[in-house]
Amino acid sequence: MTERRKSAGLPDKRRAIVAGALTLFARDGYTRAGLDAIAAEAGVSNRTIYNHFSDKAELFQTVMQESTQRVADTMVDIIDRHLSKVADLEADLVDFGLAWLAVLTSDLAPHFALIRQINAEMEHIPPAALALWRKTGPGRTRRELAERLRRIAERGDLVIDDPVRAAGHLMLLISADNLTDRAALHDEDALRAMVTAGVRAFLYGYKR
């Protein structure tokens with residue numbers, strides 16, 4: 001019966017609901033975002049939301065799943081483009097870092113606002129949504145980056161005992177200033193300086 005109810009609505013209505021929910025969850029957080037406000041943002045009625053989703057928790061999990069999938073796909077593509085064939089290790093890592101951080105200010109930015117909200121109210125987030133995000137989002141991208149770093153190490157350019165840990169170090173180092181000053185993301189010179197410093201710190205620890 002639930003499946004029949006969900007399939008009854010039009011796809012464009014469902015997309016509008018998910019997009020509106022992402023906007024509200026990213027702005028107000030899971031706890032404060034109400035279905036009435038989401039319906040208004042999406043331009044639909046509450047009944048239309050319930051034609052597609054059983055409750056707010058299911059809607060939130062769907063938003064997380066679809067948003068995380070889009071971002072993870074984008075991040076994996078960046079990893080593939082910049083680190084599959086490395087010619088100049090430092091330069092290629094800097095270019096990778098710049099592309100990686102550019103996603104934070106792209107049309108995918110609402111996803112990262114949503115993640116900040118999740119971190120602020122972790123205890124109120126449905127556990128299934130958290131598990132899904134960790135596995136298909138940061139978990140997936142870190143594994144993909146770890147695999148590229150492992151291959152670079154096999155070539156002899158890096159010394160890495162734990163590629164997953166090394167991937168975590170690289171991600172943190174290239175975005176270090178962003179953790180305290182997000183304005184750096186909008187200053188091209190500051191962004192390049194931040195990424196270059198992070199890459200050099202990474203290479204200091206891992207370069208053969």
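Predicted model: local features only at pLDDT ≥ 70, side-chain atom pairs only at ≥ 80, totals over all residues.
Residues are numbered from 1 along each chain as its sequence is written, and side-chain values use heavy atoms, with hydrogens and water left out. Local features need pLDDT of at least 70 and side-chain atom pairs count only at pLDDT 80 or more, while totals for chains, interfaces and linings use all residues.

Reader: How many helices and strands are there in the protein?
Author: Helices (H or I, at least four residues) and strands (E, at least two) are DSSP runs, numbered from the N terminus. Read along the sequence, the pattern is α-α-α-α-α-α-α-α-α-α-α. The count is 11 helices and 0 strands.

Reader: Are H5 and H8 roughly parallel or roughly antiparallel to each other?
Author: Axes are lines fitted to C-alpha atoms, for helices over the stretch in contact, and angles run from 0 to 180 degrees between N-to-C directions. Helix H5 (residues 56–83) packs on helix H8 (residues 127–136) at about 5°, with axes 9 Å apart. Angles under 35 degrees count as roughly parallel, over 145 as roughly antiparallel, 65 to 115 as roughly perpendicular and the rest as oblique. H5 and H8 are therefore roughly parallel.

Reader: At what angle do helix H9 and helix H10 pack?
Author: H9 spans residues 138–155 and H10 residues 163–174, and their axes lie 8 Å apart. The two helices are roughly perpendicular to each other. The packing angle is about 105°.

Reader: What percentage of the 208 residues in the protein is buried?
Author: Buried means under 20% relative accessible area, exposed over 50%, partly exposed in between (1.4 Å probe, protein chains only). Of the 208 residues, the buried ones make up 45%.
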